[in-house]
Amino acid sequence: MHFPILTSLIALPILGSLALLFVKDTEQNEGVIRRIALIVACLVFVESLLVWARFDPASADFQFVERRAWIPAFGISYAIGVDGISLLLVVLTGFLTPIALLSSWESVHRKTRAFCIFILLLESAMMGVFVAIDLFLFYVFWDAMLIPMYFLIGIWGYDRRIYAAVKFILYTMAGSVLMLLAILALAVLNESATGHYSFDLQTLYGLSISAGAQFWLFLAFALAFAIKVPLFPFHTWLPDAHVEAPTAGSVILAGVLLKMGTYGLVRFAFPLFPTAAAFFAPYLAFLAVVGIIYGALVAMVQPDLKKLVAYSSVSHLGFVVLGIAAMNTQGVQGAVYQMLNHGVSTGGLFAIVGMLSDRRHTRLISEFGGLKRVMPRLVAAFLLVTLSSIGLPGLNGFVGEFLILLGAFIWNPQFAAFAATGVILSATYMLWMFQRVNYGSVSEKNSTLPDLKSREWALIVPIVAMAVLMGVLPNLFLRPMAPSVERMINQSRRGAAVEIRAGR
Amino acid sequence: MACVTAAAIAAMTAEAFRTPGERMPIGPLGVIGLLGAAVAALLLWDRHAASFGVVVADNFALFVTVTLIVVGILSLAISGPIVERENLPKGEYYALMLFSLSGMILMAMAADLLVIFLALEVLSLGVYVLTGIRRDVPTATEAAFKYFLLGAFSSAFFLYGIAFAYGVAGSTRLDRIGSLMAAQAMSPTPMQLLAMALLLVGFAFKVSAVPFHMWTPDAYEGAPSPVTGFMSTGVKAAAFAAFTRVFLSALEPLRGEWSDALQVIAIATMIVGTVVGVAQSNVKRMLAYSSIAHAGYLLVALIAANDIGKGAILFYLLTYAVTNLGAFGVVGLIERDDRTGDSIVDYAGLWNVRPGLAALMTIFLLSLGGFPPLAGFIAKWYVFTAAIKAGYTWLAIVGVLTSVISVFFYLRIVVMMYMTPSTTSLPIPPTPKVAGAALVASAIIVFYLGILPTQVLNWAAASIGSIF
């Protein structure tokens, strides 16, 4: 019996937060509390790297699988494992959590202990979502994750935090409860086909479902994921949640939580219901393209830095959904790659916006200007992250967007053409924002702002390094995911192939 | 076997008779009696004991009994501080609570309509008085009066139903009614339908299903909080036990007739419970509407009535009992003699003053809202699986959507406790040890049933599978 490394990824943050309960929440202890949380988060990251190191990139199967009966009467088991698609998302989660903790190092001084506990619980739930290969277990983590995020936004957020927190949780729940019913329906379908219930993903992959049932089940799953992504027109919770959340919340929300929606599409909605997926793919792609352009246009006119980044997320996630909808090697690889990119670059952007708002206590673009002269180092990092978000060749964003557009073009050139305008628009709004914030004349209020502190160095260097690494050596990341992506595409193409054959 | 049953029933009622005379350690005595009953229940497990054919201690009844004993122990534990604080007559308070508890247990075991009625009256009378036990408080008296009048009405309906059933079958025994109904199921007579409808109304009153729910918010608001917790869980569990037994055994052949009516009632109950709950500003009224909504979910399980649904009823009752009593326990510790502290606004900033109470309340509320990994999630999942399996997808969809709405009002309290600065600086009395321990125990059970539900789910499924 080898060491249950994936379980420890989930358990370690929980243990960490339990340990924190024994530290008294006083001001003197604040540093201790933060350090404990940071050490735990770093340990989890190291462990996730270990998983990557020991991962066999040639195999498409789930690895490190652990399986224990949980509610045997219903075929529910505690089943976890990673394949090439989830592996890197697990690493991303491990990567961003310490960064999120660091990013709120100074802005959170109230109830530090509870803050750290919620961040760690959130990390454990996110890990659970990515490694669960039992649908019931997946849903448990999916829903459990809402609670810590709700508290993070609601307690440590900005002025309209309560509205944003409640909106966040209700929107997400409204979508996910229907998915719960669809999951139950799947188990019941499996029971009528084979005589026993099962929530096991691999068993359910093999289940053949009538086209009519697939239609409704796919819609239920897709709605839950579309709200989470968020796909236009389900995106309205996102700007509120992002703007009101504390920096750490925004980093995790943008960096990891949004990926859960697209991950769900890749892992569940498409391969489980191939026929319906083939039918709905153009509609999803249409919404994605609308989202790309709409998100970019709205981002362009935002006066608030955080809101601008939030809308840029809507636009960037549209690319991911487009790549998934294309359902070919380039598209899906690009989509998974873009999920990681977006996590790194948007996480970085939110962290930088957090630094600015910690210094000035405002996030209005008009309040800034000429920062380049005041804090050249911070602005240099800002520039790199901005460029990576735009998709400059040599940085990470380019690889993902290029692959997605390639995949989309092979599938349907019109979608690719419209989506490509989004690339231009993103350059426009990001660079324009960058110009207004960092160039021009320095106002008096901005002239004395301090440059990067050591803590902020520790936070931003990994992000920039990762952006460069992913831009220069994409194969390092693409290689382990390739077999799993291939298998998933074959799985999802079953339905389409059946349809075409029937058509002839 | 019959004598073991008799002993169990004696044990269950004995503690009720024993208590009024004693003055000092009444609560603990009640707990001892309840523990005795629990032991008896465990000894009777799988024996399928029956006495006189009108009281049966099958596993179904025993599961409900255990649930009721849990309700009883928790209620007694959280009552202590409130009884002290409000200077309620101790002897009467605990005695009435135990009396009505024995009525509930009898109701769970009754296999005869008349015995059910008897049990119903025993439990109701106790609860009526408990509702109005604070005689000098106008709202309490009003609540008790309303509850009594409407309850009497429902009893009358129920009695009429029994009369018609007797007229049809010549017996009030459930098994005889059942075999007769089965014989004529193809073409039910109007008399049968009338009996069924009247019984349905009677039960719907007791479980506070819409449109027979009008008494619930007033009674819940007026009664002392532990009593509210007691009746929202105990009465509901007992009534649902009898409801299930009557409709899934005696009236099962008429399923085609009552299923449609119950579906309408269930949908209305879920929607009214949650939508009106959103508009409440008093925590107890809000929890009252929440309990109406939960009755709706239980009805869904009753309608589905497959193997899963039957197990789901039992599991849901247990889960709901523990969670709701916990919530009312916290409410009881926060409210003050002059009825302030019941408003949602009074919870503002509770986290800063009493982080422990706030955390417990949050756990109970999230469980009521059906969040994993808490018990409420498993219970709802079980109910909705039953509904989907039985083909009632619409009921399940209404169920999950209303539970999203209910999350909204549960979260309002959480928002108040954690995210709103305190407005009033009214002191909150320190939490007594017993009540605190009871609340912590409830919270642990809520987590246990949420994370490791297998054992209890198996018991629930096994205890009901053998019977109907």
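**Briefing: a predicted model with chains A and B**

Buried residues account for 63% of the 468 residues in chain B; a residue is buried if 20 or more other C-beta atoms, placed from the backbone, lie within 10 Å of its own, exposed if 12 or fewer do, and partly exposed in between. This is a predicted model, in which local features need pLDDT of at least 70 and side-chain atom pairs count only at pLDDT 80 or more, while totals for chains, interfaces and linings use all residues. Residues are numbered from 1 along each chain as its sequence is written, and chains are lettered from A and ligands numbered from 1 in the order in which they are written.

**Chain B overall**

- Chain B has 19 helices and two strands; helices (H or I, at least four residues) and strands (E, at least two) are DSSP runs, numbered from the N terminus.
- Of the contacts in chain B with a separation of 6 or more, 80% join residues 24 or more positions apart; two residues are in contact if their C-beta atoms, placed from the backbone, lie within 7 Å.

**Nonpolar core**

- The largest nonpolar core contains 399 residues, and those with the most contacts inside it are Leu181(A), Leu322(A), Met107(B) and Tyr316(B).
- Helix 7 (residues 161-194) of chain A gives the largest share of this core, 20 residues.
- A nonpolar core is a set of buried Ala, Val, Leu, Ile, Met, Phe, Trp, Tyr and Cys residues joined through C-beta atoms within 7 Å.
- Beyond its neighbours within four places in sequence, Tyr316(B) contacts Tyr297(B), Leu298(B), Ala301(B), Ala379(B), Tyr382(B) and Val383(B).

**Contact between the chains**

- Chain A and chain B each bring 25 residues to the contact.
- On the side of chain A that touches chain B, helix 7 of chain A provides the largest share, 14 residues.
- That side of chain A comprises 22 nonpolar residues, one polar and two charged; Ala, Val, Leu, Ile, Met, Phe, Trp, Tyr, Cys and Pro count as nonpolar, Asp, Glu, Lys and Arg as charged, and the others, Gly among them, as polar.

**Hairpin in chain A**

- Strand 1 (residues 63-71) and strand 2 (residues 76-82) of chain A pair in the antiparallel sense over six bridges; strands pair if DSSP finds at least two bridges between them.
- Ile71(A) stands opposite Ile76(A) in strand 2 of chain A.
- Four residues lie between the two strands of this hairpin, where Gly75(A) takes a positive phi near 65°.

**Ser442(B)**

- Ser442(B) belongs to helix 18 (residues 433-451) of chain B.
- Ser442(B) is buried because 28 other C-beta atoms lie within 10 Å.
- Ser442(B) and Gly326(B) are 116 residues apart in sequence, yet 6.1 Å apart in space, C-alpha to C-alpha.
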